[in-house]
Amino acid sequence: MTNISIIFHSRSGNIYQLVEKAAQTARAAGAEVRVRKVAELPDPMILDKQAYQDLATATADIPEAGLDDLVWADAIMIGTPVHYGLPAPQILNFFDHTGPVAIPGKLMNKAVSAFASGSMPHAGQQATILALHNAFCHWGSVIVSNGSAAAVLHQPGNGAPYGTGTISRHEANSVTDDNLGAIEYQTLRTLQVAGALKRGLEPEPGITLVSEERLRKFGLDI
Ligand SMILES: Cc1cc2nc3c(=O)[nH]c(=O)nc-3n(C[C@H](O)[C@H](O)[C@H](O)COP(=O)(O)O)c2cc1C
């Protein structure tokens, strides 16, 4: 069984629509799924107050993400709105607090993948996903991109190789069927790589890092 944590921030529901599709896809694929929202920050900038309120109600029962949700997972997907070409500060705040598990290597070799929603085309979806990839490198995780092979990624309005990206045009809950197809594909790819890593990292002296001798040599506890 592969464990997947889907961790997100959303204000007007677009990212949450992708999260729901990712969770549904992962469950149908037989994974154990945790959906987690990151903690809110004081005084968030809200463009659509009604949508924000509706989403708060719809996600009230979703637990806040904690470090255990990262350590538990074989696969981690992170979803965020684009804010000035960057991940939302709520997501960055969550990353800021991952040191206690990231620095001792507890996130190494996990399959990680990111997706984003922005209001306009070419307005930072790709930059936001790549910014999260920077942080994944610090975790020592294995980045899963979408690549370019799947036909659904070639549809207008899909964010293609880096990870799923949507164009909301400031409309709440406005993801398209193509966006849902892209996140479905991204979820399955992330699970596929997580499963392969999990099996492949079983101790096999001589060819993996996970041998007693090499763990000692590099001072690793993983
Ligand atoms: C402070 C702030 C900054 C934003 N900056 C960008 C931006 O740089 N590019 C963009 O396309 N959209 C930007 N947006 C719009 C959101 O990314 C967009 O509405 C997104 O679809 C919201 O996702 P959600 O519905 O999951 O909350 C910004 C929104 C806010 C509140």
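Let's start with helix α6: the face turned away from its buried side carries the exposed residues Asn-134 and Cys-137. Keep in mind that this is a predicted model.

**Helix α6**
- On the buried list for α6 you'll find Gln-125, Thr-128, Ile-129, Ala-131, Leu-132, Ala-135, Phe-136 and Trp-139.
- Just past the end of α6 comes Gly-140, with a positive phi of about 75°.

**The largest nonpolar core**
- This core has 48 residues, and the ones touching the most other members are Ile-4, Ile-6, Val-19, Ala-75, Ile-76 and Met-77.
- At least two core residues come from each of β1 (3-8), α1, β3, α4 (89-96), β5, α6 and α7 (177-200).
- The top contributor is α7, which gives 7 residues.
- Take Val-19: setting aside neighbours within four places in sequence, Val-19 is in contact with Ile-6, Phe-8, Val-35 and Gly-79.

**Around the ligand**
- There are 21 residues around the ligand, and Asn-14, Ile-15, Gly-118, Ala-123 and Ser-168 come nearest.
- By class, the shell is made up of 8 nonpolar, 12 polar and 1 charged residues.
- α1 (14-28), β3 (75-83) and β5 (111-118) each supply at least two shell residues, and β3 has the largest share with 3.

How values were computed
Residues are numbered from 1 along each chain as its sequence is written. This is a predicted model: local features need pLDDT of at least 70, side-chain atom pairs count only at pLDDT 80 or more; totals for chains, interfaces and linings use all residues. A residue is near a molecule or strand if its C-beta atom, placed from the backbone, lies within 6 Å of it. Helices (H or I, at least four residues) and strands (E, at least two) are DSSP runs, numbered from the N terminus. Ala, Val, Leu, Ile, Met, Phe, Trp, Tyr, Cys and Pro count as nonpolar, Asp, Glu, Lys and Arg as charged, and the others, Gly among them, as polar. A residue is buried if 20 or more other C-beta atoms lie within 10 Å of its own, exposed if 12 or fewer, and partly exposed in between; C-beta atoms are placed from the backbone. A nonpolar core is a set of buried Ala, Val, Leu, Ile, Met, Phe, Trp, Tyr and Cys residues joined through C-beta atoms within 7 Å. Two residues are in contact if their C-beta atoms, placed from the backbone, lie within 7 Å.
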